[in-house]
Amino acid sequence: MRFLQYSGLMDKLESVSRRYDKTVLIADELPGLSDDDLELFPLALLGSFFPRHSSKETGISSKIVVRAMAKSFGKNSSEIEGMWGKQGDLGLVAQKLQSKGKQNTLNKKELTLNEVYLQLRKFPDITGKGSVDAKISTLTGLMNKADGNEIKFLVRLLIGDLRSGVGDGIVRDALLLAY
């Protein structure tokens, strides 16, 4: 699944308040997903990187995300934290900073949900000296690939604050509706 498709769905889910409407939006996406995406998609809807039965964690804090944003956008962390305090949504801050002028990367590849999860699921194994810098470098690389609405939902996914109103019950009902 293209991350652009995921972020577009998340945008729609954020704007819809009725539970049934959210369920239908999700159910409409499910049949077209590959097996790999079908495993990740429900987790992404809930803002998780690992199934609940797993004890693994990415170890990503909002501070690490802010530092990655600072590196990606050429700002300092305190400036981004100040914007976050005023805005109240780090995803919107990232979107605003990106729109002010992001460098274009040559041969830029499209960001996918699978790529995001592949990179972030390696984080529990990154430990010791230099681990924070390695995580920030990976996050910066993902942020630099994100365009438009993607950056907003990438940052929200990283900090676990999707603001979509989707919970386990809606995901379960969407699976039942689709299949």
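Trainee: Where does Thr58 lie in this predicted model?
Mentor: Residues are numbered from 1 along each chain as its sequence is written, and side-chain values use heavy atoms, with hydrogens and water left out. In this predicted model local features need pLDDT of at least 70 and side-chain atom pairs count only at pLDDT 80 or more, while totals for chains, interfaces and linings use all residues. Helices are DSSP runs (H or I, at least four residues) numbered from the N terminus, and Thr58 lies in the loop between α3 (35–46) and α4.

Trainee: Is Thr58 buried or exposed?
Mentor: Buried means under 20% relative accessible area and exposed over 50%, with partly exposed in between (1.4 Å probe, protein chains only). Because its relative accessibility is 9%, Thr58 counts as buried.

Trainee: Which residue has its backbone nitrogen 3.4 Å from a polar atom of the Thr58 side chain?
Mentor: A polar contact is a pair of N or O atoms within 3.5 Å; within protein, one must be able to donate a hydrogen and the other to accept it, and residues adjacent in sequence count only if both atoms are side-chain atoms. The backbone nitrogen at 3.4 Å from the side chain of Thr58 is that of Ile60.

Trainee: Why do the buried residues of α6 line one face of the helix?
Mentor: In α6 (residues 90–99), the buried residues are Leu90, Gly91, Val93, Ala94, Leu97 and Gln98. The arc is taken from the directions from the helix axis to the C-beta atoms. Seen down the axis of α6, its buried residues line one face because they fall within an arc of 160°.

Conventions. Helices (H or I, at least four residues) and strands (E, at least two) are DSSP runs, numbered from the N terminus.
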